Amino acid sequence: MSPILDGRLLDERKTALLVKVAQLYYEEDMGQEAIARSIGLSRPYVSRLLTEAKEMGIIQFRIIDPLKGESDLERKLRAGTNLEKVIVAPVTQKTSHMHSVSRKAVDYLEEVVENGDVIGFSWGNTIHSVTGLLSQGQRFPEVVAAQLCGGISNLEHNIYCFEIARNFARAWEAKPYVLTCPAVVSSSRLKEAFLSDYDINRVMTYGYDSNIALLALGTFGLQSAVYRAGYLNEKEIATLTEKGAVGDICTHVINANGQICDPELDARTMAVPLDIIRKKKTRIGVACGESRVECICAAIRAEIINVLIIDEETAGYVIERLK
């Protein structure tokens, strides 16, 4: 069977030649002229083969800057918190804040992930943006990517559950799992019924077992994803706001201290519990925008996240709010 790379069917003999030339050049430290003589090709053709191997992702480079450390802004934001890592994306006119933050999140995720890890992810625009930038040169076929919270309810409002899972599978060949149930159901009894389903229970189990959590830090109110997706109505939003709601993480609505805002609502929420998420080894919060500042601060105070990836402008707001 011919090999496949990024969905393309490759010529087996040509692929073997590309790999051999790349190995001789980079692993055996042979020059292009020596390679050409050893396999009976011209030096210009060897050069073209190396270029083609780079373009196909057979040859990949990783640049390590030994002088790189925390910026002053990252250090200032991490100081006085239990965050283990803060990454601040620079704001430029060429790219959106979301793209800059997503790019930083991808760089960090691909730095820490190992084959065999289980990544739990939340849904929404932010995580969709991050996973859409995953490098297709990486291969993690033993990685499991599992949705941490339900999300299939109102298809009129796309919250990217399937797309996020598909991004992990397409980029890394990871094993994707989606929770095919609503984010919030009408009763705790109905929640138990959903959890008794084999497929839903299996995905939820992966979520419980995940060692990496990739989390959006959501705003709250009529602009929030949980409202726009139809899980909460205006009256419920108003009631939760009176109770101190500032945002949601994996559809768990939280107050300024990062505590569950309404236990009854949370008992009907189809998601891995916040206390379980808080115990995971790597808990990556990704966010940008002033509207998310309260939720970011709550996640920091409650140690729901231990890695924060954020843009420069939002970082400034968070530092002021945490004072």
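User: In what order do the 7 strands of the open sheet stand, and is the pairing parallel or antiparallel?
Analyst: The order is E3-E11-E10-E7-E4-E5-E6, and the pairing is parallel. Strands (E, at least two residues) and helices (H or I, at least four residues) are DSSP runs, numbered from the N terminus. Two strands pair if DSSP finds at least two bridges between them. This is a predicted model, in which local features need pLDDT of at least 70 and side-chain atom pairs count only at pLDDT 80 or more, while totals for chains, interfaces and linings use all residues. Residues are numbered from 1 along each chain as its sequence is written, and side-chain values use heavy atoms, leaving out hydrogens and water.

User: Which strands stand at the edges?
Analyst: Strand E3 (85-89) and strand E6 (175-177) do; each has a single partner strand, so one side of each is left without a neighbour in the sheet. From one strand to the next, the twist averages 15 degrees. Axes are lines fitted to C-alpha atoms, for helices over the stretch in contact, and angles run from 0 to 180 degrees between N-to-C directions.

User: How many bridges join E5 and E6?
Analyst: Strand E5 (residues 144-147) pairs with E6 over 3 bridges, in the parallel sense. Val144 stands opposite Lys175 in E6.

User: And which strands does helix H5 lie across?
Analyst: Helix H5 (residues 97-112) lies across E3, E7, E10 and strand E11 (307-311), and runs at about 150 degrees to E11. Helix H15 (residues 312-322) also packs on the sheet, where it touches E3 and E11, and its direction makes about 120 degrees with that of E11.

User: Changing topic, which residues of H2 are buried?
Analyst: In helix H2 (residues 32-39) they are Gln32, Ile35 and Ala36. Buried means under 20% relative accessible area, exposed over 50%, and partly exposed in between (1.4 Å probe, protein chains only).

User: Why are they on the same side of H2?
Analyst: They cover an arc of only 100 degrees around the axis, which puts them on the same side. The arc is that of the directions from the helix axis to the C-beta atoms. An α-helix has 3.6 residues a turn, so residues three or four places apart point the same way.

User: What covers them?
Analyst: The cover includes helix H1 (12-27) and helix H3 (43-56). Just after H2, Gly40 takes a positive phi of about 75 degrees.

User: Where is Thr219, and is that residue buried or exposed?
Analyst: Thr219 is in the loop between strand E7 (212-216) and helix H10 (225-228). Thr219 is buried, with a relative accessible area of 8%. Its side chain reaches the backbone oxygen of Ser291 at 3.0 Å. Beyond its neighbours within four places in sequence, Thr219 has contacts (heavy atoms within 4.5 Å) that include Val246, Asp248 and Arg292.

User: Is Lys281 buried or exposed?
Analyst: Lys281 is exposed, at 67% relative accessible area. Its place is in the loop between helix H13 (274-277) and strand E10 (282-286). Leaving aside neighbours within four places in sequence, Lys281 is in contact with Asn211 and Asn306. The C-alpha atoms of Lys281 and Asn306 are separated by 8.5 Å, with the two residues 25 apart along the chain.

User: Last topic: how many disulfides are there?
Analyst: The count is 0 disulfides, a disulfide being a pair of cysteine sulfur atoms within 2.5 Å. For Cys250, the nearest cysteine sulfur is that of Cys149, 4.3 Å away. Cys250 is buried, with a relative accessible area of 2%.

Note on methods: Polar contact = N/O pair within 3.5 Å; in protein donor to acceptor, adjacent residues only side chain to side chain.
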